Amino acid sequence: TRRIGVIFLDLDRFTAVNDSIGHGAGDLVLAQAARRLRATVPVHDTVARWGSDEFAVLVENAGSPAELAELAERLVGAISAEPFRVAGQQIALTASVGVAQAGRDSGTPDHPDDPTGLVLRNADVAMSRAKEAGGDRAEVYAAHMHADVVRRLEIVTGLQRAISNGELTLQYQPIVELATSRVVGAEALVRWWRDGEVVAPREFLGVAEESGLIVPLGEWVLRQACAQGAAWRRASWDVGVSVNLSGRQITAPGFTARVAAILAETGLPSTALTVEVNERILVEEDGLIADRLAELHQMGVRMAIDDFGIGYASLAHLRQVPLDIIKIDPSFVAGLGHDDTLTLLTKTVVQVGRELGLRVIAEGIEQPRQLSALREMGCDYGQGFLVARPMAAPGVEALMRTEGVRTSGEAPGGPAKHEPNEPARLGM
């Protein structure tokens with residue numbers, strides 16, 4: 001049986017194209033993309049522009065789901081096959097593609113009133129799943145995807161209320177100077193309490209990023225963290241606060257102005273704030289990220305590259321932004337003392353960082369052997385469960401009081417952010 005099939009295609013990160021070369025040139029890119037799609041789709045099927053950077057293909061007499069999926073893969077390849085040439089520039093793009101087909105065999109029951117509308121919805125859901133998986137791929141709709149969408153919408157609605165109603169709290173994980181065990185910084189980690197139970201960060205942070213809620217959420221966390229850091233410094237504790245930023249936050253309009261306003265509002269010196277970016281951002285995002293980070297650095301805010309060493313970036317990427325801190329990924333630290341290769345790599349990162357004049361922070365310290373190895377190789381700072389678990393602000397104060405840390409100048413750095421069994425977290 002042959003049924004209606006729909007393929008939805010969205011150009012990945014197309015907003016960055018408009019921001020960099022302008023909307024007029026962006027429209028020319030869309031026209032080129034349309035021609036590539038039209039040349040790939042059989043002549044008797046329909047290709048239409050569906051949104052700003054989305055296209056839909058209607059296959060009125062579709063064969064098997066496998067045939068539709070094969071066409072979708074060819075469309076993915078058509079977009080990424082070669083760069084688009086516009087305004088004297090070459091622009092490489094990829095696409096996220098979703099596939100759906102009417103009929104119970106594909107998880108999409110026939111709809112007597114509006115079969116095409118139902119399939120369109122499901123293709124859109126599948127396309128969103130492809131984008132969540134990193135783009136440059138095609139996904140075929142399955143029934144569970146719709147349930148996932150409903151769940152994510154519920155999380156978005158709940159998170160919006162949480163931001164407005166004060167259901168969010170911050171915990172802080174200390175970072176210490178390894179040679180002295182002195183607390184020198186604390187990373188702000190967001191926690192969401194809903195109906196008396198904590199919502200795991202991995203359940204809502206990805207949704208916040210996708211929905212755009214990461215921008216107001218991140219602003220709330222930044223303001224709270226800066227206010228706490230300022231309070232500590234007024235109490236004569238020499239500590240900095242660290243926040244983690246996503247690409248969507250950094251590229252939001254007015255980002256650097258908001259950071260400056262929050263620093264002025266809370267009274268936290270810019271040199272006491274460290275912002276962390278995952279090294280993946282430096283590789284995948286456009287030049288706007290580097291420009292915004294440079295603006296922050298000119299304000300005095302310190303820069304840290306997070307999770308360094310896991311394969312996204314090379315040492316060459318350290319030159320893209322004005323860095324102050326390298327944070328060694330916990331997967332390296334985990335091997336210290338029993339894996340010679342990881343030990344050598346960790347020692348190399350420490351040495352390179354020191355030679356470049358950067359502070360080096362080791363994340364995920366959980367064993368005494370790891371701490372000993374890091375001290376021996378000259379790593380300056382560290383963070384992990386062996387050092388201190390995330391805690392409320394009074395807990396950090398108790399640690400500082402015990403160690404007698406008093407104000408003597410600028411805070412020397414910010415903390416790391418990984419915890420075992422909790423890969424998705426927000427330190428902003």
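A quick word on burial before the views: residues under 20% relative accessible area are called buried, those over 50% exposed, and those in between partly exposed (1.4 Å probe, protein chains only). This is a predicted model, in which local features need pLDDT of at least 70 and side-chain atom pairs count only at pLDDT 80 or more, while totals for chains, interfaces and linings use all residues. Residues are numbered from 1 along each chain as its sequence is written, and side-chain values use heavy atoms, with hydrogens and water left out.

**View 1. The whole chain, for orientation.** Of its 428 residues, 50% are buried. Taking contacts (heavy atoms within 4.5 Å) with a separation of 6 or more, 71% are between residues 24 or more positions apart.

View 2. A salt bridge here is a side-chain nitrogen of Lys or Arg within 4 Å of a carboxyl oxygen of Asp or Glu, and the whole structure holds twelve of them. One pairs Glu219 with Arg223, with the closest N and O atoms 3.6 Å apart. These two sit four residues apart in helix α7 (residues 214-234), so about one helical turn separates them.

**View 3. Asp380 meets Arg354.** The two side chains form a salt bridge, 3.0 Å from N to O. Asp380 is in the loop between α14 (368-376) and β16 (381-382), while Arg354 belongs to helix α13 (residues 340-355), so the bridge ties together parts 26 residues apart in sequence. Asp380 is partly exposed, with a relative accessible area of 25%. Arg354 is partly exposed too, at 45%.

**View 4. A salt-bridge network, plus two serines with positive phi.** Glu177, Arg182, Arg233 and Asp238 are linked in a network of salt bridges. Ser181 is in the loop between β8 (168-177) and β9 (182-194). Its phi is near 65°, a positive value in a residue other than glycine, and Ser181 is partly exposed at 33% relative accessibility. Ser236 is in the loop between α7 and β11 (240-244). Here phi is near 75°, again positive in a residue other than glycine, and Ser236 is partly exposed at 31%.

**View 5. Arg292, buried without a salt bridge.** Arg292 is found in helix α11 (residues 287-299). For charge, Lys and Arg count as positive and Asp and Glu as negative, leaving out His and the chain ends. On that count, the nearest side chain of opposite charge to buried Arg292 is Glu295, 4.5 Å away, and Arg292 has no salt bridge. Setting aside residues up to four places away in sequence, Arg292 touches Ile250, Thr251, Ala252, Pro253, Phe255 and Thr256.

View 6. On a 1 Å grid over the protein atoms alone, a cavity is a set of points where a 1.4 Å probe fits but cannot get out, and lining residues have an atom within 4 Å of a point. Points are joined across faces, edges and corners, and the volume is the space filled by probe spheres set on them. This rule gives one cavity of 30 Å³ or more, and the largest cavity has about 100 Å³ of space. Its lining consists of Val215, Gly218, Glu219, Leu222, Leu245, Gln249, Phe255, Arg258, Val259 and Ile262. The elements giving two or more residues to that lining are α7 and α9.

View 7. Asp329 is in the loop between β14 (325-328) and α12 (330-333), and is buried at 7% relative accessibility. Its side chain makes a polar contact with the side chain of Ser331 at 2.5 Å. Such a contact is a pair of N or O atoms within 3.5 Å; within protein, one must be able to donate a hydrogen and the other to accept it, and residues adjacent in sequence count only if both atoms are side-chain atoms. His44, in the loop between α2 (23-40) and β2 (46-49), is exposed, with a relative accessible area of 63%. The C-alpha atoms of His44 and Val59 are 8.3 Å apart, and the two residues are 15 residues apart along the chain.

Methods:
On a 1 Å grid over the protein atoms alone, a cavity is a set of points where a 1.4 Å probe fits but cannot get out, and a pocket is an open set with protein on both sides within 12 Å along at least five of seven lines; lining residues have an atom within 4 Å of a point.
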